[in-house]
Amino acid sequence: MVEIIKYPQQGDWHIYARRAAEVGEDVRRGVASIFDDVAQRGDEALKDLTERFDGFRPTVLEVSRQEIDAACQSVSNELKQAIAIAASNIKKFHAAEMQQEVAVEVMPGIRCTQRAVPITRIGLYIPGGNSPLFSTVLMLAIPAQIAGCREIVLCTPPRRDGTIHPAILYAAHTAGVGTIYKVGGAQAIAAMTVGSESIKPVYKIFGPGNRYVTEAKVQASTRGVAIDMPAGPSEVMVIADGTADPLFVASDFLSQAEHGADSQSILLTTDERLASAVNRSITTLLEQLPRQELAVQSLSHSHIIVLHDDAEMMRFANYYAPEHLIINHSDADRLALMVENAGSVFLGAYSPESAGDYASGTNHTLPTGSHARCYSGVNIDSYMKKITFQRLSREGLVSIAPAVTTMARNEGLVAHSLAVEVRTNGTNSQSTTK
């Protein structure tokens with residue numbers, strides 16, 4: 001079912017670390033044309049593009065209060081209870097991430113502080129497509145509320161009948177999002193970037209999506225709008241030894257594969273018997289999935305890789321930089337200390353990625369495509385700006401004046417030096433206590 005690669009040379013690792021979805025020039029050009037269209041025609045372009053890509057032409061882009069209320073009524077009590085548990089855990093974890101103001105007197109008379117200030121207006125993108133990702137609403141909106149973002153708007157594609165999946169609207173209501181638009185795909189990112197008659201531009205865009213959405217976010221970042229990260233097709237890497245249950249590993253493989261044809265799953269192991277057993281278990285479990293076709297396409301570019309030892313597995317894992325890393329290993333805590341590049345890590349046999357995707361409390365919006373080498377997953381800091389403040393007394397300025405003036409003049413910036421010298425040379429008529 002899945003190709004087993006045994007003991008590949010390090011020089012060949014790039015072959016097996018290659019992701020399935022590469023953004024081509026055709027995608028870049030297509031997304032750029034969508035940005036231009038939205039910038040020129042505003043709401044009319046958004047309606048045309050929604051009809052073209054989603055099969056429905058909205059007359060009004062914003063979801064009405066009546067639609068939200070009706071959706072909330074239609075969600076089952078069982079799902080509402082599950083969402084409540086997930087929301088509670090997400091709140092607890094992200095509230096704990098809030099940091100106190102930093103205040104340091106670096107020298108007598110020189111006090112420096114740092115304060116976290118929330119981003120005023122943010123935009124959330126929630127994919128529709130194969131799965132109504134209402135869990136992503138919780139993951140993005142709850143931290144935004146905790147951070148104190150004043151304006152939160154949400155874009156998500158409508159279904160062919162013009163409705164939004166009720167669970168998405170209920171999750172948005174639960175998380176305190178009141179402004180929701182029936183716009184999806186790259187056109188939603190464009191709208192939140194350049195604006196339209198209905199949708200004001202935002203300062204930062206959050207949320208996962210396909211390669212068109214990912215490319216749109218990249219282009220948004222060149223137009224002055226920040227993004228959380230370039231989050232594309234989902235991926236999981238499992239590190240397992242001979243103690244792992246093959247069914248557990250196979251289920252983790254398939255939970256990723258059912259996301260879509262571009263998703264990728266990789267198993268690293270030192271046990272050839274486990275590699276074969278996992279393959280057999282994948283075949284068994286695959287029969288239970290309603291989305292077998294998507295999973296099979298994903299598995300066609302997934303791999304089981306047998307390596308020599310734990311150290312080599314961890315080197316490969318850090319090279320690959322997975323979005324999700326499951327360490328289903330008898331010595332998981334030791335291996336966890338070697339993790340350098342990963343979006344989120346799941347330790348032990350009973351920590352499936354599914355727990356983090358929904359309800360354990362950590363955020364599931366994570367960097368993909370090796371971006372975990374330099375990006376973090378979404379967290380409270382994602383919604384904040386860090387502003388520094390400093391207050392110097394005259395004595396404090398005098399104490400660092402020689403360093404400042406010497407450095408400024410050596411850089412050829414004489415006015416910088418003068419700004420210090422006029423304050424410290426001779427008698428200052430202003431109060432020395434200010």
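Rings of Phe, Tyr and Trp (its six-membered ring) pair if their centres lie within 6.5 Å; planes under 30 degrees apart count as stacked, over 60 as edge-to-face and the rest as tilted. Keep that rule in mind for the ring stops below.

**Before you start**

This is a predicted model: local features need pLDDT of at least 70, side-chain atom pairs count only at pLDDT 80 or more, and totals for chains, interfaces and linings use all residues. Residues are numbered from 1 along each chain as its sequence is written, and side-chain values use heavy atoms, with hydrogens and water left out.

**Stop 1: the whole chain**

Show everything as a cartoon. The C-alpha atoms fill a box of roughly 85 × 60 × 45 Å, taken along the principal axes. The protein has 17 helices and 14 strands. Both are DSSP runs, numbered from the N terminus: helices are H or I with at least four residues, strands E with at least two. Of the 434 residues, 49% count as buried. Buried means under 20% relative accessible area, exposed over 50%, and partly exposed in between (1.4 Å probe, protein chains only). A contact means heavy atoms within 4.5 Å. Among contacts with a separation of 6 or more, 75% join residues 24 or more positions apart.

**Stop 2: the ring cluster**

Select Trp13, Phe316 and Tyr319. Ring pairs link these three into a cluster. A search of the whole structure finds four aromatic pairs. Look at Trp13 and Phe316. Their pair is edge-to-face, at 5.0 Å centre to centre and 65° between the planes. Trp13 is in helix α1 (residues 13-16) and Phe316 in helix α13 (residues 310-320), 303 residues apart. Both Trp13 and Phe316 are buried.

Now select Phe206 and Tyr383. How are these two rings arranged, stacked or edge-to-face? They are stacked, with 4.3 Å between centres and 5° between planes. Phe206 lies in strand β7 (residues 204-206) and Tyr383 in the loop between α15 (353-358) and β14 (384-392), so the pair ties together parts 177 residues apart in sequence. Phe206 is buried, at 0% relative accessible area. Tyr383 also counts as buried, at 0%.

**Stop 3: arginines over rings**

Select Arg19 and Tyr320. The charged end of Arg19 sits over the ring of Tyr320, 3.6 Å from its centre. To count, NZ of Lys or CZ of Arg must be within 6 Å of the ring centre and within 35 degrees of the ring normal. The charged end of Arg373 sits over the Tyr319 ring, 5.3 Å from its centre.

Stay with Arg19. Its place is the loop between α1 and α2 (25-41). Is Arg19 buried or exposed? Arg19 is buried, with a relative accessible area of 13%. Its side chain reaches the backbone oxygen of Tyr320 at 2.9 Å. A polar contact of 3.0 Å joins the side chains of Arg19 and Ser370. A polar contact is a pair of N or O atoms within 3.5 Å; within protein, one must be able to donate a hydrogen and the other to accept it, and residues adjacent in sequence count only if both atoms are side-chain atoms. Leaving out residues up to four places away in sequence, Arg19 touches residues including Glu235, Gln264 and Gly369.

**Stop 4: the nonpolar core**

Select Ile122, Leu124, Leu154, Ile180 and Tyr383. These have the most contacts inside the largest nonpolar core, which has 42 residues. A nonpolar core is a set of buried Ala, Val, Leu, Ile, Met, Phe, Trp, Tyr and Cys residues joined through side-chain atoms within 4.5 Å. Elements giving it two or more residues include α5 (77-96), β4 (121-125) and α6 (134-147). The largest share, nine residues, comes from α6.

A second, separate core of 27 residues includes Ala45, Cys155, Ala190 and Ala220.

**Stop 5**

Select Ile68, Ala71 and Cys72. They are the buried residues of α4. Seen down the helix axis, they fall within an arc of 100°, so they line one face of α4. The arc is that of the directions from the axis to the C-beta atoms. These buried residues pack against α5, α7 and β6 (179-182). The face away from the buried side carries the exposed residues Gln66 and Gln73.

Finish on Ala167, in helix α7. At 1% relative accessibility, Ala167 counts as buried. The C-alpha atoms of Ala167 and Ile68 are separated by 10.0 Å.
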